[in-house]
Amino acid sequence: MGKINSPYFGTLAYRREEVLDFPGGLPGFEDEKHFVSVEQPASRPLIFLQSISSGLCLITAPVQMLAPEYVAELSADDQAVLGLRESRVRPGAELLMLAVLSVDDKTAAANLLAPIVINLRRRVGVQAIVLNEGYSHRHPVVERGGIVC
Amino acid sequence: MLVTRRRIGESLMIGGEVEIQVLEVASNWVKLGITAPRDVSVQRKEVRVVRQENQAAARALDATELDGLVAILRREKNAGAG
């Protein structure tokens, strides 16, 4: 049982079993190896990835919300960290795939080039730079009817 | 930018200790082998881009930005995506 001070949620309590391990950390945050995922009714469908050892909190959305047919070709290293039998994966019951969102000057973008992939059964995650082409690290998040690329 | 052609098996030296060798060539990719000292980082360029994106994404949003983000995604969801 632990407590974090989160920028969005104030003091957050979590159980050991809820922690997700990221053995390699994240690009730019290689020392951040333990996170919990937080969802709240007021902010659905966003999923917050809150570090348990610092105030770092990334806002994400499931990849299939941004690209309904999303499929990722994982590197051998990422496949091994996650303990997966296949390198070509889609989101599933035990495989969460989240795009990190960033907001800048009123525009929002999702990183579909490097989704955060989490094996829920093993409680392990990695930010995987996919090998397949066509996904952007800054996929625009816009309303239907806007310009989507 | 230095531009040079190398055949399979040929190498480039960068500084005194970094070597890049062409191992294999196909129509739309090349396989490279890199030898470098432990303290020199070698990574795909995309990692640097992802690092920058993560650092931008790490900035805590204010309430207005957060509400705006939720609203956009709810509209995307309701429009029948995925």
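Helices (H or I, at least four residues) and strands (E, at least two) are DSSP runs, numbered from the N terminus. The structure is a predicted model, in which local features need pLDDT of at least 70 and side-chain atom pairs count only at pLDDT 80 or more, while totals for chains, interfaces and linings use all residues. Residues are numbered from 1 along each chain as its sequence is written, chains are lettered from A and ligands numbered from 1 in the order in which they are written, and side-chain values use heavy atoms, with hydrogens and water left out.

In chain B, three strands form an open sheet in the order β1-β2-β3, with antiparallel pairing. Its edge strands are β1 (11-14) and β3, each of which pairs on one side only. From one strand to the next the twist averages 25°; axes are lines fitted to C-alpha atoms, for helices over the stretch in contact, and angles run from 0 to 180 degrees between N-to-C directions. Two strands are said to pair if DSSP finds at least two bridges between them. Strand β2 (residues 18-25) of chain B is joined to β3(B) by six bridges, and the two run antiparallel. Within this pairing, B:Ile20 has B:Ile34 in β3(B) as its bridge partner.

A nonpolar patch on the surface is formed by B:Ile8, B:Val25, B:Val30, B:Leu32, B:Ile34, B:Val40 and B:Val42, which together have about 570 Å² of accessible area. Patches are made of residues with over 30% relative accessible area and no salt bridge; like charges are joined within 9 Å, and nonpolar side chains (Val, Leu, Ile, Met, Phe, Trp, Tyr) within 5 Å. Accessible areas come from the Shrake-Rupley method with a 1.4 Å probe, and for residues only the protein chains shown count as cover. Strand β3 (residues 30-35) of chain B gives the most to the nonpolar patch, with three residues. B:Ile34 lies in this strand. B:Ile34 has a relative accessible area of 41%, so this residue is partly exposed; buried means under 20% relative accessible area, exposed over 50%, and partly exposed in between (1.4 Å probe, protein chains only).

B:Arg5 is located in the segment before β1 of chain B. This residue counts as exposed because its relative accessibility is 79%. B:Arg5 and B:Glu53 are 48 residues apart along the chain, and their C-alpha atoms are separated by 33 Å.

In chain A, strand β5 (residues 47-51) is mostly covered, since five of its five residues are buried. Both faces of β5(A) are covered: A:Ile47, A:Leu49 and A:Ser51 are buried on one side, and A:Phe48 and A:Gln50 on the other. β4(A) is joined to β5(A) by four bridges, and these strands run antiparallel. A:Ser51 in β5(A) stands opposite A:Phe35. Four bridges also join β5(A) to strand β6 (residues 57-62) of chain A, again in an antiparallel arrangement. Here A:Phe48 has A:Ile59 in β6(A) as its bridge partner. The strands β5(A) and β6(A) form a hairpin, with five residues between them.

A:Asn119 belongs to strand β10 (residues 107-119) of chain A. With a relative accessibility of 7%, A:Asn119 counts as buried. The side chain of A:Asn119 reaches the backbone nitrogen of A:Arg122 at 3.2 Å.

Side chains of opposite charge can pair when their charged atoms come close. Over all chains, a search of the whole structure finds eleven salt bridges, a salt bridge being a side-chain nitrogen of Lys or Arg within 4 Å of a carboxyl oxygen of Asp or Glu. One of them links B:Arg51 and A:Glu30, with the closest N and O atoms 2.8 Å apart. B:Arg51 lies in helix α1 (residues 45-57) of chain B and A:Glu30 in the loop between β3 (20-21) and β4 (34-38) of chain A, so the pair joins two chains. Both residues are partly exposed, B:Arg51 at 26% relative accessibility and A:Glu30 with a relative accessible area of 36%.

Within chain B, B:Glu46 forms a salt bridge with B:Arg44, and the closest N and O atoms are 3.7 Å apart. B:Glu46 is partly exposed at 31%, and B:Arg44 is partly exposed at 37%. In chain A, salt bridges that share partners join A:Arg15, A:Glu17 and A:Glu18 into one network. The side chains of A:Glu18 and A:Arg15 meet at 3.8 Å, N to O.

How values were computed: Polar contact = N/O pair within 3.5 Å; in protein donor to acceptor, adjacent residues only side chain to side chain.
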